[in-house]
Amino acid sequence: MPYVKRDNSGRIVAVSQLPGECDEAVAPEDADLRAYLDALGRHPGELSSTDQDFVRVLEDVVELLIERGVILFTDLPASAQQKMLLRQRLREHMATSLDLLGDD
């Protein structure tokens, strides 16, 4: 839940995810909060909307580092290895299942 700080006229002047200097809790859909964020050109969902694309970028970077011998696949924690292998299998499956034209 976001926390806001208001000036003497009641306008929002700061926003935080944690209470502290911003001590008034407001709902994410609060009209004043939306107006404040719109004025800044920021929206709470913007960062999370890029997460999936960024994960793919990081995955590509890890694969490139492994390919160039900078790191070894086995240097990654076991949980990361499992996730990488699962994503590779899923992508391979999607690539073959989406082969609509087939081989000519």
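How many residues lie between strand 1 and strand 2 in the hairpin that they form, and which residue in the turn has a positive phi? Five residues separate the two strands, and Gly10 in the turn has a positive phi of about 95 degrees. The structure is a predicted model, in which local features need pLDDT of at least 70 and side-chain atom pairs count only at pLDDT 80 or more, whereas totals for chains, interfaces and linings use all residues. Residues are numbered from 1 along each chain as its sequence is written, and side-chain values use heavy atoms, with hydrogens and water left out.

The secondary structure of the chain comprises four helices and three strands, where helices (H or I, at least four residues) and strands (E, at least two) are DSSP runs numbered from the N terminus. Read from the N terminus, the order of these elements is β-β-β-α-α-α-α. Of the 104 residues in the chain, 12% are buried, with buried meaning under 20% relative accessible area, exposed over 50% and partly exposed in between (1.4 Å probe, protein chains only). The accessible surface of the chain amounts to about 8,300 Å², and carbon and sulfur atoms contribute 57% of this area; accessible areas come from the Shrake-Rupley method with a 1.4 Å probe, and for residues only the protein chains shown count as cover. Among contacts (heavy atoms within 4.5 Å) between residues at least 6 apart in sequence, 23% join residues at least 24 apart.

The three strands form an open sheet in the order 2-1-3, with antiparallel pairing; two strands are taken to pair if DSSP finds at least two bridges between them. Strand 2 (12–16) and strand 3 (24–25) are the edge strands, each pairing on one side only. Helix 1 (residues 31–40) packs on the sheet, where it touches strand 1 and strand 2, and its direction makes about 90 degrees with that of strand 2; axes are lines fitted to C-alpha atoms, for helices over the stretch in contact, and angles run from 0 to 180 degrees between N-to-C directions. Strand 1 and strand 2 run antiparallel and are joined by four bridges, with Tyr3 standing opposite Ser16 in strand 2. The antiparallel pairing of strand 1 (residues 3–6) with strand 3 extends over two bridges, and here Val4 stands opposite Glu24 in strand 3.

Val15, which belongs to strand 2, is partly exposed at 34% relative accessibility. When residues up to four places away in sequence are not counted, Val15 touches Pro2, Tyr3, Val4, Cys22, Leu33 and Tyr36. Val15 and Lys5 are ten residues apart in sequence, and their C-alpha atoms are 6.5 Å apart in space. Tyr36 is located in helix 1 and, under the rule that leaves out residues up to four places away in sequence, touches Ile12, Val13, Ala14 and Val15. The C-alpha atoms of Tyr36 and Ile12 are separated by 6.6 Å, although these residues lie 24 residues apart along the chain.

Eight salt bridges are found in a search of the whole structure, each defined as a side-chain nitrogen of Lys or Arg within 4 Å of a carboxyl oxygen of Asp or Glu. One of them joins Glu24 to Arg6, with the closest N and O atoms 2.7 Å apart. This pair links distant parts of the chain, since Glu24 lies in strand 3 and Arg6 in strand 1, 18 residues apart.

In the salt bridge between Glu59 and Arg87, the closest N and O atoms are 2.7 Å apart. Glu59 in helix 3 and Arg87 in helix 4 are 28 residues apart, and the pair links distant parts of the chain. Glu59 is buried at 3% relative accessibility, while Arg87 is partly exposed at 35%. Through salt bridges that share partners, Glu59, Glu63, Arg87 and Arg91 are joined into one network.
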